[in-house]
Amino acid sequence: MSLASLIGVSSAIVFGWVLPGQARELVPLYVLLSVFVAYRHRLNIRRLRDGTEPKFNFREKPPDKTSDDT
């Protein structure tokens, strides 16, 4: 998810600059947002780089959180 967030916010920078009719004065805001997203996801990015980020699987069911094990 962190990789998708980074790609999305980075594409906003490119499209904000390249596409006609876009407000170019918003590009610095897009850059600021991309820096914020990268900062917030820095640990996930590190785990992705190191290969230790857990894999996402649609078929695997999440653990049941309704049981009372206290």
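Mentor: Gladly! Lining residues of a pocket are those with an atom within 4 Å of one of its grid points. Keep in mind that this is a predicted model.

Trainee: Which residues line the largest pocket?

Mentor: The lining consists of Met1, Ser2, Leu3, His41, Asn44, Leu48, Glu53, Pro54, Lys55 and Phe56. Two elements, α1 (2-18) and α3 (42-50), each give two or more residues to that lining. The space in this pocket comes to about 200 Å³.

Trainee: What classes do the residues of the lining divide into?

Mentor: Five are nonpolar, three polar and two charged.

Trainee: Why are α1 and α2 called roughly antiparallel?

Mentor: Angles over 145 degrees count as roughly antiparallel. α1 and α2 (residues 27-40) pack at about 165°, with axes 9 Å apart, and they are therefore roughly antiparallel to each other. Their crossing is left-handed.

Trainee: What makes the contact between them?

Mentor: From α1 come Ser5, Leu6, Val9, Ala12, Ile13, Gly16 and Trp17. α2 brings Val27, Tyr30, Val31, Leu33, Ser34, Val37 and Ala38. By class, this contact has 11 nonpolar, three polar and no charged residues; Gly counts as polar here.

Terms used: Residues are numbered from 1 along each chain as its sequence is written. This is a predicted model: local features need pLDDT of at least 70, side-chain atom pairs count only at pLDDT 80 or more; totals for chains, interfaces and linings use all residues. Side-chain values use heavy atoms; hydrogens and water are left out. On a 1 Å grid over the protein atoms alone, a cavity is a set of points where a 1.4 Å probe fits but cannot get out, and a pocket is an open set with protein on both sides within 12 Å along at least five of seven lines; lining residues have an atom within 4 Å of a point. Grid points are joined across faces, edges and corners, and a volume is the space filled by probe spheres set on the points. Helices (H or I, at least four residues) and strands (E, at least two) are DSSP runs, numbered from the N terminus. Axes are lines fitted to C-alpha atoms, for helices over the stretch in contact, and angles run from 0 to 180 degrees between N-to-C directions. Angles under 35 degrees count as roughly parallel, over 145 as roughly antiparallel, 65 to 115 as roughly perpendicular and the rest as oblique. A crossing is left-handed if the near helix is turned anticlockwise from the far one by less than a right angle, and right-handed if clockwise. Contact means heavy atoms within 4.5 Å.
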